[in-house]
Amino acid sequence: MAINPEEDVVLTEEKGHVRLITLNQPKKLNVISPKVVYLLAQNLEKWEKDEEAKLVIIKGSGRAFSAGGDLKVFYEGKKSKDYCLEVVYRFYWLCYHIHTYKKPQVALVHGISMGGGASLMVPMKFSVVTEKTVFAMPEASIGFHTDCSFSYILSRLPGRLGEYFALTGARLIGEELVAARLATHLVPLDKLSLLENRLVGLNTGDESAVKAAIEEFSLDVRISQESVLHKREVIDECFSKDSVEEILESFEAESRKEGNGWIVPVLKGLKRSSPTGLKITLKSIRDGRKQTLSECLKKEFRLTVNILRSLISGDVYEGIRALTIDKDNSPKWDPLTLGEVDGTKLDLVFEPFEEALELNIPENEEQRWTGKYEDSVYA
């Protein structure tokens, strides 16, 4: 898949010691295309090495931060084996460097921040959200899995919130993101541009100064009593079960109790989701609890490649078709039920690749920026 890095899908600015990245496809809700991944990786590497660059700010143009990966790219490559391998490899390699970046980063996040788009928000040193920010990880519902380092991130949330958000794709708004520690600060949308100007004016990467500037504009977080974050007792009870079937059974039983009406629409969503996607996602989150960031990313790379190869199911393509191509929202899953998902086959998508075929994440500081797609056996 040829990548043209010249298209203005990403805008960059250098203002003194501050470097700004703007995701610039507002009509497409700033989806993460192969070009976006390529340009993000190139610029972040350049700025980490540049002694004049002290602070990196990332934002989205239009009404969204980023709606996630460009699913149509996956769909277009469904008949060509490993058509999307390059962008998958580049993105997961990029995720590692975002998590471990050596200079302060600030994400200014308004509107939609979902899927892979959220990987440009949550791991940042400072992730600033607004009352209009909406976060979700809906991948399991379309036959995919919780990726872009989120099997690492979600598995470290309190109790069983990780399983809940990964399986249900439930949405969180700005206040809830800060309360759940998936963002660091809440700033009103009408103050966001003022904050950006303040950060640029600071012209420094001093973390204390950056934090103090953000706090000048920040609001105290007060989440509604209706927030799912107040439903921990039910979530922990149901989503601690051993299997997706047991989770659904327990969740359905809870839905019949007084005061648990909030469960009904969530349960409907779960029952409409890809059985294969749900099973892969639950195992990935559970495994993530015992895995390092590097191990999670290597696992997610394997899962993505194997899912796109339709190793055990073609559900991801059916999910994308129903959601974004035909938009009929009537996917026909194969297999159709949770009970029909073969556990032995499920294990196949988690099997490690040969060492040379794994995602090559740097093991020490001397190799910090090695392991790129160009250095791999896939290039």
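A nonpolar core here is a set of buried Ala, Val, Leu, Ile, Met, Phe, Trp, Tyr and Cys residues joined through side-chain atoms within 4.5 Å; buried means under 20% relative accessible area, with a 1.4 Å probe and protein chains only. In soluble globular proteins, nonpolar side chains tend to be buried together.

Before moving on, a word about what's on your screen. This is a predicted model, in which local features need pLDDT of at least 70 and side-chain atom pairs count only at pLDDT 80 or more, while totals for chains, interfaces and linings use all residues. Residues are numbered from 1 along each chain as its sequence is written, and side-chain values use heavy atoms, with hydrogens and water left out.

**Stop 1: Phe135 and its sheet.** Zoom in on Phe135. Leaving aside neighbours within four places in sequence, its contacts (heavy atoms within 4.5 Å) include Met114, Phe150, Leu172 and Leu182. Phe135 is also the bridge partner, in β8, of Ser113. Colour β6 (residues 112–114) and β8 (residues 134–136) to see a parallel pair with three bridges. Helices (H or I, at least four residues) and strands (E, at least two) are DSSP runs, numbered from the N terminus, and two strands pair if DSSP finds at least two bridges between them. The open sheet has four strands in the order β4-β6-β8-β9, with mixed pairing. Look at its edges: β4 (64–66) and β9 (172–173) each have a single partner strand, so one side of each is left without a neighbour in the sheet.

**Stop 2: strand β5.** Select residues 105–109. How many of the residues of β5 are buried? Five of five! Gln105, Ala107 and Val109 sit on one side, with Val106 and Leu108 on the other. In a regular strand the side chains alternate between the two faces of the sheet. Next, show β3 (residues 55–60), which runs parallel to β5 and is joined to it by four bridges; Val56 is partnered with Gln105. Strand β7 (residues 126–129) is also parallel to β5, again with four bridges, and here Ala107 is partnered with Ser127.

**Stop 3: helix α14.** Jump to residues 315–325. Nine of the 11 residues of α14 are buried, so this helix is largely enclosed by the rest of the structure. Its cover includes α2 (71–76), α12 (275–288) and α13 (293–308). After α14 comes Lys327, with a positive phi near 55 degrees.

Stop 4: A cavity is a set of points, on a 1 Å grid over the protein atoms alone, where a 1.4 Å probe fits but cannot get out; lining residues have an atom within 4 Å of a point. Grid points are joined across faces, edges and corners, and a volume is the space filled by probe spheres set on the points. The whole structure has three cavities of 30 Å³ or more. The largest holds about 70 Å³; select Ala41, Gln42, Glu45, Arg90, Trp93, Lys372, Tyr373 and Glu374 to see its lining. Helix α1 gives the most to that lining, with three residues. For the second largest cavity, of about 50 Å³, pick lining residues including Gly143, Thr276, Asp315 and Val349. Elements giving two or more residues to this second lining are α12, α13 and α14.

How values were computed
Buried means under 20% relative accessible area, exposed over 50%, partly exposed in between (1.4 Å probe, protein chains only). On a 1 Å grid over the protein atoms alone, a cavity is a set of points where a 1.4 Å probe fits but cannot get out, and a pocket is an open set with protein on both sides within 12 Å along at least five of seven lines; lining residues have an atom within 4 Å of a point.
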